[in-house]
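Have the viewer open as you read.

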Amino acid sequence: MKKLTFIACTLLAMVGYFFLQEAPSDKQDPFIGLVSNNQQQEEALRLSQRHFASQKLKELTIANAQCKKSQKDFGSQVQSVHDILIRALEHELRNGKTMQELLRYSGQYNGFYSSYKDLLREAVFNIEKDKYQYTSAIDILYEWDGLSVIEGFSTIKSPLIVEALKLFEEHAEGMKLPFQLASEVDNSVLYALVENERHFNTYLESPLSVGGSTVVSPSILFSLAAGNLNIDEFKQVIASKSFTVNDVAVAVTNNMPYEHIEAMLSQTVSIGTMPLAVQSHDDFYGNFYGNLADVAASVHNVKLLKLLASYNVEPSNEPGVISGLDIAIANLPNQPEDYADLASFDSKYVDTINYLVQKGFKAHGAHIQFEELDYFFFSATYGARLSSHDVLSPELKQALRGVSLVEEHEYIQGDREKDDSLISKAIEAMEISKKVVQDQSKQCAEIRQELLTAEGFSDSREIYDLFDRLEKEQENIAARLHDIDPVLVDIWWDKRFDSSMDQSSDFIAMLRDQAFQQAFEYSTSKTLSEYETNALLYVLVHSNVDALSIWRARVEQIAPTNLMVFKHLSINHWQWLRSERFDFTIKDKFEKGLFVPAALNSSDAIKLLLELGMSPNFDMLGLDVLDVLLDESYNKGKLHDSLADIIPFVKKIERSHFARVARLKQFFPKEYEKLLKLNHHFSVAEGTLINKFKSQL
C-alpha cells in the first residue's frame, strides 16, 4: 500500500509541477528531465550498456526485466481477463436480460481483483457509454474555448497542463487529478463554453476531474459554473443548446439552483437514460444511479423528484439490485457532528424518505432485533451501507422505521449452477486465463529468486525478518543495521516512512493556485510540515524561481524526508539550481546530503558538487557515496567514472566498502583490477565476504 501511495503521490506531483509552473524562460525548457526520464527507455538503455559476469546472469537479468515489464502491465492483463466476462454480460444485457437475472450467476465466479457485481456494473456502463460521445484524446482540450473556468488554466499555462496530462494518457485508468473551478468566472468565459459547437457534449476521459465529475466536457464545465447567472440570462444563453443527463447530473450534485435545472431539463435529450459522469466505477460501496431521479434522491430533492416524475422518470426499483430509497438512505448524514444542531436540521431528509415510502419504494437491508438491540441496517447490492444507529434525529429515525424492506423471496442471487449458457462459459474461460496470469506471476517470482541466488543476494524476507527481530529488542536499531550493512539502514528508514502523513494543507493549495506571494508570507510566519517541505522542494528543483524564494524565506529549516528528487533531474536542472545559488549543502531528515543522489544521477552531478568545493561525508548512518558508486559499478559491470574523483576523499575503507569490492572481484575481476590501479588499498583479503543485501535506491 505504501508503494502504491508513493506512486500516486509521484504522479500527482509531476502534474502538479506543470500546473504550478510559470511560463518557461528562454534559458530553461520545463520538460527537460521529465519527458526524457521514461522508465522503460532507461531500463532498456541500462541493459544494453551493462556487462554481465556470465551468460546465465545475463539471461536471468533479461528475464527478470521482462517480468518487471509484465508486472507494470499487470493491470492490463487483469483487465483482459475481466473483459471475457464483461463482454458476455454486455451481450446478455443487450438481449434483454436484467441485472437481477444476471446476478444469479455470481455464485460461479471466483474473485479476481474485482467482484462479479463490479464487472456487471462495468458491462452496464459500457452499454450506456455508447449513447454518448466519449474521447480519451487529451489533445481535444486544445480545441475547447472557455477552459479558464478551471482554476489555473490560462492562455499561458493551459498548454503546460495539457502536455503534463498527456504523460499519463495511456495509463490514466482509475487515476483522478481533481481541479477546482476558478474562484471568479467572467460571463464571457461561460459564453465561450457554450460556443463550443462541435464538442459541446463531447466527454473527455482523462485524469482531469472537475466538480466530482469522472469526465469533462464544455457542457459539464458550463453546468458547474453557470449557476450564478440570473435565470433569464441563463435561459437566453442555453436557448440553442442541448444537454444530456450527464450535464444535468453534475449540475444537481453541485447544487445548481432548481430553476436553472428545470430550464436545462427542458432542453435535455433522452432524459430517462443513465448518467455516467457521476457514477462510481471503483468504490465497492459507491452509488449506482440508474437515471436522474436516483441522482435527485441522493441529494434529497423532492421538488426535483416530482419534476422528473412529470417526465416519466422515476427512481430505480429493481429488487436485489438497488432502489431510489436505498440511494436516499445511503446518502443520509451519518456522523455525530451532522446532528449537532437538531433544531435547524434540514427537513429535506425526512421529506425524501417519506415521499419515496409513500410512492411504494422499498429498501434492501435487515431489521436487527436481539435482546436490547433494535435497529435497521440498510444494505443494497449496489450502494453504501447505513445503520439507523448512526441517525441521531428522532424524526428521521422514525421515518426510517416506516421503511418496508425488500423480502428475500423477491430476488435470488448466486443460485445458478454451471450450464451451457454464455455466462457460465465466459466464467470458465476466465478461470483458464486467470491461471495463465497467475502461473506467469509464479514463474517470475522463481526467476527473481534464482537471480538473487546467482548474484549472492538475500531476498526481502530475510531483511524483514531481521528488522522484526531488532525492532523487538528496540536498542540502537539503525547503528546495528549499519554494522551489518549500511543499505539496511536506508531500507529500514524507507519502511518506517509515514506515507500517510497529513496531506491537507493551505500551503499546498497556495502552490497549486499559484498564489506564490501568499505562500511566501505563509512560509515566513508558519513552520512548514515535512510534507509541505517535500512538495516545495519538488517544485523548486524544477526551475521555479518563486518556489526558490519561498524555500529561502522559510521561518524554520525543516528537512525534507529525502533528497531522491535530485536523482532524476537532468544536469540542466542541476546547473540551473547552481546559477540560482541554491544551497547544495542541503540535508534530509536523516542528515544525508546530495552526494548519494548525485552518484545515482550522473558523473556530471558529482563533478558539479565537487566544483562547489563540497566534500562527501562518510561518517553518517546508511549508504555513503562510495558504497553507491561501488554498487553502481557492479550493476553496470563497469567501474564508475566518478570513483576516481571520490576515492581521494576516502580516509578509511570500511567493511561495507570491502564487501562491495569483493563482489566486483568475484563477478568482474577486470574492473576490480582497474580499481586497484586507482588505489591499491582496495585490495581485498582472501575470504572477504561479498555484500548480500541489494540496494533499493
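## Two loops with positive phi

Arginine 581 sits in the loop between helix 26 (571–579) and helix 27 (595–601). Helices here are DSSP runs of H or I with at least four residues, strands are runs of E with at least two, and both are numbered from the N terminus. The phi of arginine 581 is near 60 degrees, a positive value in a residue other than glycine. With a relative accessible area of 73%, arginine 581 is exposed; the cut-offs are under 20% for buried, over 50% for exposed and partly exposed in between, using a 1.4 Å probe and protein chains only.

Histidine 300 also has a positive phi for a residue other than glycine, near 55 degrees. Its place is the loop between helix 13 (292–298) and helix 14. Histidine 300 is buried, at a relative accessible area of 4%.

Residues are numbered from 1 along each chain as its sequence is written, and side-chain values use heavy atoms, with hydrogens and water left out.

The mean pLDDT (the predictor's confidence in each residue, from 0 to 100) of the protein chain is 87, and 90% of its residues reach 70 or more. Where pLDDT is low, the predicted coordinates should not be read in detail.

## The overall build

The protein chain has 32 helices and nine strands. Buried residues make up 50% of its 697 residues. Of the contacts between residues at least 6 apart in sequence, 75% join residues at least 24 apart.

The largest nonpolar core has 120 residues, and Leu85, Tyr116, Phe222, Ile329 and Ile353 touch the most other members. Such a core is a set of buried Ala, Val, Leu, Ile, Met, Phe, Trp, Tyr and Cys residues joined through side-chain atoms within 4.5 Å. Helix 4 (residues 74–94) gives this core its largest share, eight residues. A second, separate core of 86 residues includes Leu452, Leu537, Ala547 and Leu643.

## Around valine 487

Valine 487 belongs to helix 21 (residues 486–496) and, at 1% relative accessibility, counts as buried. Leaving out residues up to four places away in sequence, valine 487 touches Leu623, Arg660, Phe693, Lys694 and Ser695. The C-alpha atoms of valine 487 and aspartate 627 are 8.6 Å apart, although 140 residues separate them along the chain.

Aspartate 631, in helix 29 (residues 625–636), is buried too, with a relative accessible area of 11%.

Definitions and conventions:
This is a predicted model: local features need pLDDT of at least 70, side-chain atom pairs count only at pLDDT 80 or more; totals for chains, interfaces and linings use all residues. Contact means heavy atoms within 4.5 Å.
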